[in-house]
Amino acid sequence: MARSGSEFLPLLPRRNARLDSFLKRNTEQALYERIRTYEPCVVVSDVINKVYMYAVLSDERVYLTEYPPRALTAAVSFGRVRDIELVNDLPDFLSAKDRERCQHIRITYVPEKPAEKERDWSQRGKNAGLPPVAPPSRRASHCPIKTHNSKGYPADRRWKEEELRPPLKTTRSASCPDPETLGLLRSALPLHSPHSPHPPQPPQPPSSPGEEGLKTAESGRVTRRISSILTRLLRRDRVTADEEREVELHLYAVSQTSTLYLHLQSSWNSFIIKSTLLLDPLYRRRSTAPSDSISGERTAHLFAQLSLELLQVGVSMENLYLLLQELRTAAHRNITLRRLFWRSSEVFLFLVQTLEECLHGCQSLGGVYTTDQLLLSTLILQTLAIMFRETEVEAARSSLLFAKKGALISRLLLALICDPDGEKHSRGSASDSELQALLSEYLDAACSLLFELLLMGFETSRCFQGDNFVSVCWILRVLQPHPHLLSFIRHQARQLVQVLSDQQGSILGPVQSVLLFQRCRLLLACLQHNNQLGQHLQTHFREEFRYFVTPSSTEEKLQPHYPIYGPTLRLVQCIQTLIQRR
């Protein structure tokens, strides 16, 4: 039997008054507002051995605090995470009863090192030698970084300037090779220790001032070039050493109804998408909040005013487009506004209804897409996709979406699918190629929104196994009767093959890399959770997926430093494995 909306509230975090009060007192407001959930668990790491603590999740980090709380400590940054997985075991240190209901979560990550000023070898003194090599440590260097103490003093202000802060400088590794092993560089650089006597210099013939200036300039260029090589070598040595060393954080949630794993996966997904998008200058400029950020009360007032303008009767399509642009931009920058959006169900209902009328109302009349309709529909989908991000713990969202057996989700799913080969008509001077570009942009936005809905389905599936309501299977089953579903999925598959098979094309930018990740997740869900869609992809794209949708072709298209790089490779590997098995 399907569940009612209220029965899905266990997906939301359970509040603890004492811990909540501690977090309010000891964190900045910006950090406190971004805390998604917290849950008690047994913690095991290289510095913590079976200690009962609270795991506190924000949208960027996992924090730990004592039970009862005394100090908040940053344990893992999602930017350093390599994998988050459930381990099927029975921990022997727990009682027999707790052992059966325990959820063992393993987080694999690369530990952060304390920031260290990088040496600029070109600025060294004349008599300064290479720095001594640090002795090898007998213990892993991972140690939780304390960010807030019990008196409430913040250790940094990263929550207000994270998106604008430049990348950290690469620090020199303690495992730097002994300077004696750099024989070539040692002999090329006339470096001497301050405690060693200078070697006798042979007499030099006098030279003219011009020759001296020329020699000085050339010497400076050579020194800078060699010092640059040395710095790059030391930096490369550090990066290699860091990439090879991974550590694990184990969280044992002693509860069968624990949602800690779901929220960890959701937070990690959101982080890798957001941090990759922020590498795009245009997206970063659009998403970065102004330095004088407005208060929650002011945000609520402005959102109420914007909602009234959106919902007024007789608003023109042009004004509606401008108002939605304003809403989308504000939602990019303000998590509080996204929460207010779900607490105001009227705006969500209005957008779903507008999408139904705008895109599919025109098809019932003439079967064509117009420029205005495509532009407005794309903007609606983009706005809704932003509203879904980082709001899964909002109770109003769950109550709204799960009400009446997911009636609103069903309407939205059926409204966002359109025919990629549908007829297009322009009222103005737009050419056929411009209309096709608008339709392609809409289909990209539809893929992104469907990805967000599937993420919600994954969470529901894992929390309520065996239930048919708002799971991934349920979402794909709702879409199945749509007349254009197969052509929509074919379009997404063609786009994936086209991107990965283009050997002459350039490397994907951040926005296109995220779209590639979302497309892979959508197609993988079709292969895993729907026999009809999986068979359709197998029939029409078996050879293309086999030869072009491969980890090696994906590596050529993605920048390795993108946070989304590793997860995308794993998705592509899963797609290839499923295609070969069928």
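**Before you start**

Residues are numbered from 1 along each chain as its sequence is written, and side-chain values use heavy atoms, with hydrogens and water left out. Because the model is predicted, local features need pLDDT of at least 70 and side-chain atom pairs count only at pLDDT 80 or more, while totals for chains, interfaces and linings use all residues.

**The whole chain**

Select the protein chain. It holds 22 helices and ten strands; helices (H or I, at least four residues) and strands (E, at least two) are DSSP runs, numbered from the N terminus. Of its 582 residues, 48% are buried. Here buried means under 20% relative accessible area, exposed over 50%, and partly exposed in between (1.4 Å probe, protein chains only). The accessible surface of the chain is about 29600 Å², and carbon and sulfur atoms account for 52% of that surface. Areas come from the Shrake-Rupley method with a 1.4 Å probe; for residues, only the protein chains shown count as cover.

A contact means heavy atoms within 4.5 Å. Among contacts between residues at least 6 apart in sequence, 76% join residues at least 24 apart.

**Colour by confidence**

Colour the chain by pLDDT, the predictor's confidence in each residue, from 0 to 100. The average for the chain is 78, and 70% of the residues score at least 70. Select residues 1-6, where the pLDDT is below 50; beyond near neighbours in sequence, this stretch has ten contacts in the model. Then select residues 117-211: the pLDDT is below 50 here too, and the stretch has 133 contacts beyond near neighbours in sequence.

**Helix H9**

Select residues 296-311, which form helix H9. This helix has 16 residues and reaches 22 Å from its first C-alpha to its last, close to the 22 Å expected at 1.5 Å a residue. The expected span is 1.5 Å times one less than the number of residues.

Which residues of H9 are buried? They are Thr299, Phe303, Leu306, Ser307 and Leu310. Look down the axis of H9: these buried residues fall within an arc of 105°, so they line one face of the helix. The arc is that of the directions from the helix axis to the C-beta atoms. An α-helix has 3.6 residues a turn, so residues three or four places apart point the same way. Now turn to the other side of H9, where Glu297 and Leu308 are exposed.

Go on to helix H10, residues 317-333. Its 17 residues reach 25 Å from first C-alpha to last, close to the 24 Å expected at 1.5 Å a residue. Buried residues in H10 include Leu320, Leu327, Arg328 and His332.

Next select Asn334, in the loop between H10 and helix H11 (335-343). Asn334 is buried, with a relative accessible area of 16%. Leaving aside neighbours within four places in sequence, Asn334 is in contact with Ile294 and Thr299.

**Asn269**

Select Asn269 in helix H7 (residues 260-277). At 9% relative accessibility, Asn269 counts as buried. Not counting residues up to four places away in sequence, Asn269 touches Leu455, Phe517 and Arg521.

**Salt bridges**

A salt bridge is a side-chain nitrogen of Lys or Arg within 4 Å of a carboxyl oxygen of Asp or Glu. How many salt bridges does this rule give? The count is twelve.

Start with Arg34 and Glu390, whose closest N and O atoms are 3.4 Å apart. Arg34 lies in the loop between helix H2 (29-33) and strand E1 (37-44) and Glu390 in the loop between helix H13 (371-388) and helix H14 (395-401), so the pair ties together parts that are 356 residues apart in sequence. Both Arg34 and Glu390 are buried.

Move to Glu356 and Arg411, a salt bridge with its closest N and O atoms 2.9 Å apart. Glu356 is in helix H12 (residues 345-365) and Arg411 in helix H15 (residues 407-416), 55 residues apart. Glu356 is partly exposed at 24% relative accessibility, and Arg411 is partly exposed at 33%.

End at Asp444 and Arg519, whose side chains meet in a salt bridge (2.6 Å, N to O). Asp444 belongs to helix H16 (residues 432-463) and Arg519 to helix H19 (residues 510-529), 75 residues apart. Asp444 counts as partly exposed at 22% relative accessibility, whereas Arg519 is buried at 4%.
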